[in-house]
Amino acid sequence: MTESIGNRKEQSRATKMIKSMGIYAIGNLGSKVITFLMVPLYTHYVENTADFGYYDICLTVVFLLIPFVTLQLRDGAFRFLLDSPSLAHRQKVVSTTYKILGSTLLLSAVITFGVATIFSVPYIWYVLALLLAMSIQEVVSQVFRGLGNTKAFVSVGIISAFFIGLLSLVFVVWMGMGIKGVFVANILARLLAIIAVELRLQTLRHYFSIKISGKGIALDIIKYTLPLLPGSLCWWLTGSSDRWFIQEYLGLEVNGVYAVAIRFLGILQTLALIFYQAWQETAILQYHSADRDKFFSQVLNCYIFIICLLVVGFTFALKMCYSWLVSPNYQGSLSYIFPLAISSAIFSISAYFDMGYQCAKDTKRTLPAIMLSAGVNVVLNFLLIGKFGVYGVIATLIISYSVLVIYRWIDSKRYFTITLVPGLLLPIGITLLMAVPFYCCTAIWQDALAMVGALTLMVASCPSAIKQGAFAKFITKFGK
């Protein structure tokens, strides 16, 4: 009887998580499909690879600054709203979050004005506008999510992507504004998406008041988010500083080509993000359950197996249609796709272990692993990029993320204990060996044969522990 109840509990948790993944999939994939379609559009209408490379550098800077401009309020707001005990508490969290955000946005504008009076930085006001728009979208959409409005959170991404596509056609294609058009489309799209969803939900009217005093809440949120700031800098060094090394050692043209490969890898990263968002909610709510270790282990085993399937399927499918997706000036980026997909897979696994720190609200312990990974990344970039070019950068990413996974795996034992099934070694090994046909196959039919063969073998050899685990229904549905 106890075992039967336990199985029903596992199935219930798995079902809820899969439903959450379905909701996040609609939003993330819907938005990423449109963003994905923008890559061939931008590469055709922004013919100068140096221009696209500069835009990518600006975008990298924005991603670096967002955590500092927002003080990581997106994470704090979501975490404190998710298990908020009352309406009054939620109003304090939302009001405090928005007041702090307003102050930091104003300070950012003042600092930019000072920089602009001293230095001549191309497109600096476009960069500021994009920074402010993305910061607002990041924080407000997470507030929607923390309040339980998952569909609203998803809607922001879909609406934003829709307007990016529409406005890109207007400013880039029709008006021929080039990189300026890319900036304007992305800025307006994010603001319009937030406005559209806010008008429907009216969270400002229900949860925000300038009169609400939330000093205690503010201290708790800042205590949670401040340790994440150094970590965000290290994340940037680990995942985005490669653009600066490429620009410095190889030039903006090469960075533009590399940026295209990164854009395509955004699809794979989005699939991992779908899992992360659903797992984030589930892990926090199930952290104190009696069978936590067993459930967490089942989730990770299934996750790694699915990642292996995705890497093989995605890279080979993309290779088969790359010639008509990307203009000739950027097609050299194809050779970077497979190793970049491996690096993305390793990073996705490292993100799984981040949940221990979030569940325990012990974010300060995230720093050592991230700092170590960032240090390894910077040192290896200096050592490898001169000898191996872009491949040196990619090798650095793979090694840095591997260090992160190993450290977090060991450190996470203070929160939960993970057990991997030995049968996972086969799909992992097949995934790595698929690098050979990826670079050796020269015909589409060869790529298709290699992909189908590998996926069939991986599914046929799926460990029984995964098939019978928390995601048995999911594996059965897609494994037939």
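Before the first pair, I wrote down the cut-off: a salt bridge here is a side-chain nitrogen of Lys or Arg within 4 Å of a carboxyl oxygen of Asp or Glu. I also noted that what I am reading is a predicted model.

**Entry on salt bridges**

I began with Asp293, which forms a salt bridge with Arg292, and the closest N and O atoms of this pair are 3.4 Å apart. When I looked up the exposure of Asp293, I found a relative accessible area of 27%, so Asp293 is partly exposed.

I then turned to Asp447, which forms a salt bridge with Lys319, with 3.0 Å between the closest N and O atoms. Asp447 lies in helix H20 (residues 444-460) and Lys319 in helix H13 (residues 292-325), so this pair ties together parts that are 128 residues apart in sequence. I checked the exposure of both partners, and Asp447 and Lys319 are both buried.

The next pair I looked up was Asp411 with Arg365, a salt bridge whose closest N and O atoms are 3.0 Å apart. It links distant parts of the chain, since Asp411 is in helix H17 while Arg365 is in the loop between helix H15 (354-359) and helix H16 (367-388), 46 residues apart. Asp411 is buried, with a relative accessible area of 9%, whereas Arg365 is partly exposed, at 28%.

I also noted that Arg74, Asp75 and Glu138 are linked in a network of salt bridges, and that the structure holds seven salt bridges.

**Entry on helix H17**

Where does Gly76 sit? I found Gly76 in helix H3 (residues 73-82), and at 0% relative accessibility Gly76 counts as buried. Not counting residues up to four places away in sequence, Gly76 touches Ile221, Tyr224 and Thr225.

Thr97 is found in helix H4 and is buried, with a relative accessible area of 1%. Its side chain reaches the backbone oxygen of Val93 at 2.7 Å. Leaving aside neighbours within four places in sequence, Thr97 is in contact with Leu73, Ala77, Val139, Val143 and Ile221, and I noted that Ile221 is also among the residues touched by Gly76.

Thr96 is found in helix H4 as well, and Thr96 is buried at 7% relative accessible area. Thr96 and Phe208 are 112 residues apart in sequence and 8.4 Å apart in space, C-alpha to C-alpha.

**Entry on backbone angles**

I looked up two residues other than glycine with a positive phi. Phi of Gln72 is near 60 degrees; Gln72 is found in the loop between helix H2 (49-70) and H3, and at 11% relative accessibility Gln72 counts as buried. Gln202 has a positive phi of about 55 degrees, lies in the loop between helix H7 (179-201) and helix H8 (203-207), and is partly exposed, with a relative accessible area of 33%.

**Entry on the whole chain**

Last, I stepped back to the chain, in which there are 22 helices and zero strands. Buried residues make up 55% of its 480 residues. Among contacts with a separation of 6 or more, residues 24 or more positions apart account for 85%. The chain exposes about 21100 Å², of which carbon and sulfur atoms supply 69%.

Methods:
Residues numbered from 1 in each chain as written. Predicted model: local features only at pLDDT ≥ 70, side-chain atom pairs only at ≥ 80, totals over all residues. Heavy atoms only, no water. Helix = DSSP H or I, 4+ residues; strand = E, 2+ residues; numbered from the N terminus. Buried < 20%, exposed > 50% of the residue type's maximum accessible area, 1.4 Å probe, protein only. Contact = heavy atoms within 4.5 Å. Areas by Shrake-Rupley, 256 points an atom, 1.4 Å probe, with all protein chains shown as cover. Polar contact = N/O pair within 3.5 Å; in protein donor to acceptor, adjacent residues only side chain to side chain.
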